[in-house]
Amino acid sequence: MADFEAYQEYQRIEDFEDSPPGEEDLLVHVPEGLRDSWHHIENLDIFFTRIYHFHQKNGFACMMLSEFFELIQLLFVVTFTTFLFNCVEYDILFGNRAVNHTGPSVNPLDRSKVTLPDAILPSHQCFERIQGSSWIISLLIMAAVFWIYRLIKVIFNILSYWEIRQFYIKALKIRMDELCNFTWQEVQDRLISLQREQQICIHKKELTELDIYHRILRFKNYTVAMVNKSVLPVRLHLPMLGEVVFLTQGLKYNFELILFWGPGSLFQNKWNLHPKYKRASNRLELAQQLSRVILLAGVANLLLCPLVLVWQVLYAFFSYAEVIKREPGSLGARRWSLYGRLYLRHFNELDHELQGRLGHGYKPAAKYMNSFASPLLAVLARNVAFFSGSVLAVLIALTVYDEDVLTVQHILTAITVLGVVITVTRSFIPDEHMVWCPEQLLQCVLAHIHYMPDHWKGNANKCETRDELAQLFQYKAVFILEELISPVITPFILIFLLRHKSLEIIDFFRNFTVEVVGVGDICSFAQMDIRRHGNPQWLSEGQTEASVYQQAENGKTELSLMHFTIKNPRWQPPQDSSVFISHLKEKVQQDAQSGPSTQLLLSEAPLCVSLFSNESDTSPNNPLASVFTHPWLKAPGLPSRDWRFLPQNTTASAAASVLASLSASQPSPASRTHSVNTLLPSNSRHSLSQHHGSTMYFSDRTVVDSMSASEATRLHNSALLMEYASAEMSLHAIYMHEVHQLNSLSQRAGVALSQIPVSLKESSCSPGQVASINPDNHSIPSNRRLGGWMEEKEEEEEEIIINRSASESGAVSEVP
């Protein structure tokens with residue numbers, strides 16, 4: 001992020017709407033119509049968040065049972081750890097000291113078999129040991145205070161969620177035994193309908209899906225935007241290791257504590273930024289104040305570091321020791337990192353939506369990461385596995401012959417360690433049946449995660465790309481290690497890195513905070529406003545007025561808008577957003593006309609592996625796998641009877657073809673439900689239109705044989721629509737990335753061509769054409785539509801390439 005001087009020119013974005021005078025703090029109210037325990041709601045943010053959590057955690061009984069066992073777990077960890085440290089005689093347990101069961105022993109070597117009661121001290125000796133250790137007493141007191149705090153919080157949650165339970169039953173008309181049968185979209189629709197009847201929010205006549213998302217994700221959207229604009233210091237430059245991404249639960253908790261809800265936070269309540277942070281006149285003073293708050297938080301973390309570190313070690317030991325013993329390979333499994341979940345998250349994307357999307361992308365990402373194998377490590381791993389397996393085989397054979405071998409000291413330990421070594425080494429041995437296709441695998445990953453840096457394109461086979469993806473998709477062992485060292489690293493990040501970002505943070509909240517009637521202050525990026533935050537290279541050229549500082553990175557605004565529109569088909573986007581969506585659909589239809597047909601795409605790739613291999617065969621995403629794994633997309637230069645007719649950007653045209661086949665007949669969002677009804681049998685239209693409407697596109701290949709109004713059919717239809725929405729967004733992500741890549745190349749080519757002499761330009765291009773450069777340095781006439789066919793003569797082909805030796809002088813040579 002640039003320094004203060006770099007963006008002094010930028011002013012705070014104007015508010016979308018102003019709250020009524022004198023009512024800035026009174027945002028929500030439930031009138032007398034709801035005469036029950038929720039008749040007056042002071043904070044709709046917490047109310048909607050509890051409704052969402054209540055649904056996602058499967059109701060009151062499951063939530064309270066989880067809370068109860070969390071208390072029991074905390075009590076168990078503290079009690080059991082104290083017992084192990086003070087009440088066990090380890091010399092007796094390990095057989096280092098004789099136990100006299102009958103009387104004084106003449107020979108110390110005459111020992112009876114040791115039992116567990118022999119190694120456990122009597123209760124009075126145990127209490128004496130505990131009372132004699134002052135540091136143990138201090139730790140127990142702090143643990144008791146924290147446990148009491150958790151108990152009070154659980155009691156408060158019981159009372160709060162009991163009201164939410166009553167709200168579900170009486171207001172939303174959803175019984176608890178039916179809760180698991182309702183999707184969040186259906187619950188949300190009932191909330192919106194309730195607003196029309198009861199006026200839950202007094203400042204707006206009608207609630208929209210975006211209003212509810214804003215309240216649930218108010219602070220989350222700020223965090224996603226700060227990661228997108230590189231405001232938070234999560235990238236560390238370490239000697240010998242280079243750039244390392246470090247973001248843990250503890251560090252994230254401190255960020256949120258400092259910025260959002262702590263005693264020195266920037267928000268005066270849950271929905272309003274403090275007015276002084278909206279004025280530029282005292283930005284330096286506020287930056288110094290925030291710097292002091294960060295310093296205090298860092299010092300507090302430093303003082304609590306030993307206690308938190310001990311807790312982290314104990315919790316990790318009790319959580320993962322048994323799993324590692326049973327499945328050592330689990331440490332080699334991967335998971336989406338906390339940084340990855342923020343980097344890949346759309347604006348206004350709920351937790352279950354993000355989890356489902358990343359869940360779909362897990363297998364392609366794991367296959368891509370596993371496709372990289374070091375030949376040297378593979379040779380070493382094979383030999384280490386051979387030697388370890390030989391020794392382990394002998395030990396197992398001896399124990400089978402005589403089980404007393406297990407009583408020999410450290411034999412069982414050796415068997416366990418050798419098993420772990422063999423499991424770990426096997427993870428470095430590549431699968432002999434694996435096919436090397438990194439570009440296709442990375443394309444499959446992009447279809448689900450929706451975001452990737454531009455320089456990954458065409459470089460999927462490089463280790464640098466794999467290492468950057470590993471920052472988003474890390475080993476579980478790395479995750480555990482980061483959480484263990486987090487109490488040590490977090491204070492230094494707060495004191496030495498976050499403090500220096502104070503002025504930048506103050507400017508970010510002032511420049512990117514807007515006030516919305518009935519919602520309060522939100523991050524302006526969460527409005528997904530193309531005009532204010534669009535990027536011209538992401539299909540929003542001519543529709544955005546945003547400067548470089550105001551643009552979201554990596555097409556976050558455009559992709560988030562498409563994702564939210566697809567997930568919430570009944571939402572009516574603002575005028576600028578509607579224009580962008582219409583423009584995108586028109587471009588898809590235009591490119592589809594000159595691209596390959598969907599039937600041809602599917603028929604040419606019958607053996608491709610489905611992107612959604614973890615889904616059933618009836619999933620609508622399975623046919624769409626051809627778009628991402630088709631051999632055309634990655635090898636357009638291979639000899640074949642039809643390769644010479646293929647376009648330069650086949651991926652975009654292929655995605656456009658399938659999107660066009662999903663296109664509804666009416667482009668307006670209000671008519672999406674009608675579009676779906678025209679594609680389905682008449683007996684299924686009513687059940688589908690009642691609760692979901694449809695997505696922007698719907699496959700004309702889908703045939704629903706029989707649908708009824710029963711509950712099972714309703715659930716099946718709901719799941720089917722969600723699968724189509726997921727497939728549609730995957731296609732949009734692929735298509736928009738391809739168009740973005742072409743736009744970037746065109747811009748770079750335009751800059752290069754501006755330096756070419758006029759005579760050379762005229763000789764290279766026909767009248768009315770401007771040459772642009774494709775990824776293979778071939779000249780492409782710019783009047784050819786994206787994804788269109790470019791015919792080439794069989795006997796005569798001309799290519800214009802950039803001469804690398806003359807690139808410094810700005811000359812371009814034509815090679816016949």
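Cysteine 87 and cysteine 126 form a disulfide, with 1.6 Å between their sulfur atoms. A disulfide here is a pair of cysteine sulfur atoms within 2.5 Å, and the count by this rule is 1 disulfide. Cysteine 87 sits in the loop between α2 (60–86) and α3 (90–93), and cysteine 126 in helix α5 (residues 123–131), so the bond ties together parts that are 39 residues apart in sequence. Helices (H or I, at least four residues) and strands (E, at least two) are DSSP runs, numbered from the N terminus.

The model is predicted: local features need pLDDT of at least 70, side-chain atom pairs count only at pLDDT 80 or more, and totals for chains, interfaces and linings use all residues. Residues are numbered from 1 along each chain as its sequence is written, and side-chain values use heavy atoms, leaving out hydrogens and water.

Buried means under 20% relative accessible area, exposed over 50%, and partly exposed in between (1.4 Å probe, protein chains only).

| Residue | Relative accessible area | Class |
|---|---|---|
| Cysteine 87 | 4% | buried |
| Cysteine 126 | 10% | buried |
| Cysteine 305 | 13% | buried |
| Cysteine 523 | 1% | buried |

Next, the helix pair. Helix α1 (residues 44–56) packs with helix α8 (residues 209–216) at an angle of about 95°, their axes 8 Å apart. Axes are lines fitted to C-alpha atoms, for helices over the stretch in contact, and angles run from 0 to 180 degrees between N-to-C directions. α1 and α8 are therefore roughly perpendicular to each other, a term for angles of 65 to 115 degrees. On the α1 side the contact (heavy atoms within 4.5 Å) uses Leu44, Asp45, Phe48, Thr49 and Tyr52, and on the α8 side Ile212, Arg215 and Ile216. By class, this contact of α1 with α8 has 5 nonpolar, 1 polar and 2 charged residues. Ala, Val, Leu, Ile, Met, Phe, Trp, Tyr, Cys and Pro count as nonpolar, Asp, Glu, Lys and Arg as charged, and the others, Gly among them, as polar.

Asparagine 254 belongs to helix α10 (residues 249–261). Asparagine 254 is buried, at 6% relative accessible area. Leaving aside residues up to four places away in sequence, asparagine 254 touches Asn301, Thr490 and Leu494.

For the protein chain, the secondary structure comes to 32 helices and 8 strands. Of its 816 residues, 47% are buried. Among contacts with a separation of 6 or more, 73% are between residues 24 or more positions apart.

Terms used
Angles under 35 degrees count as roughly parallel, over 145 as roughly antiparallel, 65 to 115 as roughly perpendicular and the rest as oblique.
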